[in-house]
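Here is a short briefing on one protein chain. Look at the sequence and the 3D view, then work through the points by topic.

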Amino acid sequence: MAVRRAAPLLGRRHRAQPHQALTAPSIQHTAHRGTGMPAGRRPSRRFAVPSPVLPERAARAALAAHFTPAQLAAALAQFSAPEVWEQRVRLDNSGRLAQYKPTEELDNAQLSCQFVIPSDEVWPAALADLGPDCPLGLWARGGDQLLQLTASAVAVTGNRNATEQAITRARAFATAVAEAGHTVTATLAYGVDSAAHRAAALAGRATLAVLPRGLDRAHPHDHAQLLSSVPATGGAVVSLYRPGTEASGATLRASATLLAALVCAVILIEALDHAEAAMHTAQVAADLNRPLLTPPATEDIRADGSARLLAEQRAVLVPNPARALALL
């Protein structure tokens, strides 16, 4: 699928973090059996663990905590994640990275959620459309269900400060999408997104949630019960961020990118031009050639962002759920 570049959108999330270029050593690429390490090099003790997949998983989790995917794409195309991490530690004059213990950090974090990487069978293939900005891994609750959930995922998202009419419309579209066998996908935000999750749950269907913070807490905090209910009913919750990470403007934008990449279409309910998360999701969906569907504005529903997308022919008008289903 041809992709219009969405890479800068995800790449901005750690812009302020310093990084140094990786200077690749001259080595031959014959791997040690089961380690992912090249011949002539012994695995670091930091990654000397029984499971052959743990070194890669732990190193990817460490790299994801400190760098954007784009900063590492070229290096990871040549070397294993443990090698890239060790190179970064050697090049870090601040000593900050040397204090971070990948395996210990991963073990502690996985007490509450799991870290899924691209080599796992459950990894969502659609994320490859992000190119060099494809995440190094995803933190997940209910990660075992990711493959099934993302096979036909549809985002239902929109304004956080939604009107009652918009909430009613979100419930109608989410219910129809869920009953048609698609996975309703959204954030846990107030307004349209949380209404979409609850409507799908009432229809007896599992949902997929994307959080802009670590999965140890909900965002917003008072949606903790909703956070717990999603994996408890066969769904999954995913995040780009390890437990303990707080939400910020940067994590909200990056998570909006992730939301758009995970789904096959986006239904935008009551999107306002100044509603950054919803409009960012719409922008990335268009850049990734995901169908962008939006119901019309009415006197009771404020949707200047949706109206602009329709006027620019970047979105398709869907007056009712039946029309949306016909386009999925």
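A residue counts as buried when its relative accessible area is under 20%. Arginine 57 has a relative accessibility of 12%, so it counts as buried. The model is predicted. Its protein chain has 328 residues, and 52% of them count as buried.

**Overall build**

- The secondary structure of the protein chain comes to 13 helices and nine strands.
- Take the contacts between residues at least 6 apart in sequence: 74% of them join residues at least 24 apart.

**Arginine 57 and its surroundings**

- Arginine 57 belongs to helix α2, which covers residues 54-66.
- Which side chain does arginine 57 join through a polar contact of 2.8 Å? The partner is the side chain of aspartate 120.
- Set aside the neighbours within four places in sequence. Arginine 57 is then in contact with Leu106, Gln110, Phe115, Val116, Ile117 and Asp120.

- Helix α2 packs against helix α5, which covers residues 102-109.
- Their axes lie 8 Å apart, at an angle of about 85°.
- Angles of 65 to 115 degrees count as roughly perpendicular. Therefore α2 and α5 are roughly perpendicular to each other.
- On the α2 side, the contact is made by Leu54, Arg57, Ala58, Ala59, Ala61 and Ala62.
- On the α5 side, the contact is made by Pro102, Thr103 and Leu106.

**Aromatic rings**

- A pair of aromatic rings is described by the distance of the centres and the angle of the planes.
- The structure holds two aromatic pairs. One of them is formed by phenylalanine 115 and tryptophan 139.
- The centres of these two rings are 4.7 Å apart, and their planes are at 50°; the pair is tilted.
- Why does this pair tie together parts that are 24 residues apart in sequence? Phenylalanine 115 lies in strand β1 (residues 114-116), whereas tryptophan 139 lies in strand β2 (residues 138-141).
- Are the two partners buried or exposed? Phenylalanine 115 is buried, with a relative accessible area of 2%. Tryptophan 139 is buried too, at 3% relative accessibility.
- Phenylalanine 115 is also among the residues in contact with arginine 57.
- Another ring, that of phenylalanine 67, has the charged end of arginine 88 over it. That charged end is 4.8 Å from the ring centre.

**Backbone details**

- Most residues other than glycine have a negative phi, and most peptide bonds are trans.
- Which two residues does a cis peptide bond join? They are histidine 219 and proline 220, with omega at about 0°.
- Proline 220 sits in the loop between β5 (208-211) and α9 (224-232).
- Asparagine 289 is not a glycine, yet it has a positive phi of about 60°.
- Asparagine 289 is in the loop between α11 (276-287) and β8 (292-294). Its relative accessible area is 38%, so asparagine 289 is partly exposed.
- Glutamine 313 has a positive phi as well, near 60°.
- The loop between α12 (304-311) and β9 (316-317) holds glutamine 313. At 73% relative accessibility, glutamine 313 counts as exposed.

Conventions
Residues are numbered from 1 along each chain as its sequence is written. This is a predicted model: local features need pLDDT of at least 70, side-chain atom pairs count only at pLDDT 80 or more; totals for chains, interfaces and linings use all residues. Side-chain values use heavy atoms; hydrogens and water are left out. Rings of Phe, Tyr and Trp (its six-membered ring) pair if their centres lie within 6.5 Å; planes under 30 degrees apart count as stacked, over 60 as edge-to-face and the rest as tilted. Helices (H or I, at least four residues) and strands (E, at least two) are DSSP runs, numbered from the N terminus. Buried means under 20% relative accessible area, exposed over 50%, partly exposed in between (1.4 Å probe, protein chains only). A charge sits over a ring if NZ of Lys or CZ of Arg is within 6 Å of the ring centre and within 35 degrees of the ring normal. A polar contact is a pair of N or O atoms within 3.5 Å; within protein, one must be able to donate a hydrogen and the other to accept it, and residues adjacent in sequence count only if both atoms are side-chain atoms. Contact means heavy atoms within 4.5 Å. Axes are lines fitted to C-alpha atoms, for helices over the stretch in contact, and angles run from 0 to 180 degrees between N-to-C directions. Angles under 35 degrees count as roughly parallel, over 145 as roughly antiparallel, 65 to 115 as roughly perpendicular and the rest as oblique.
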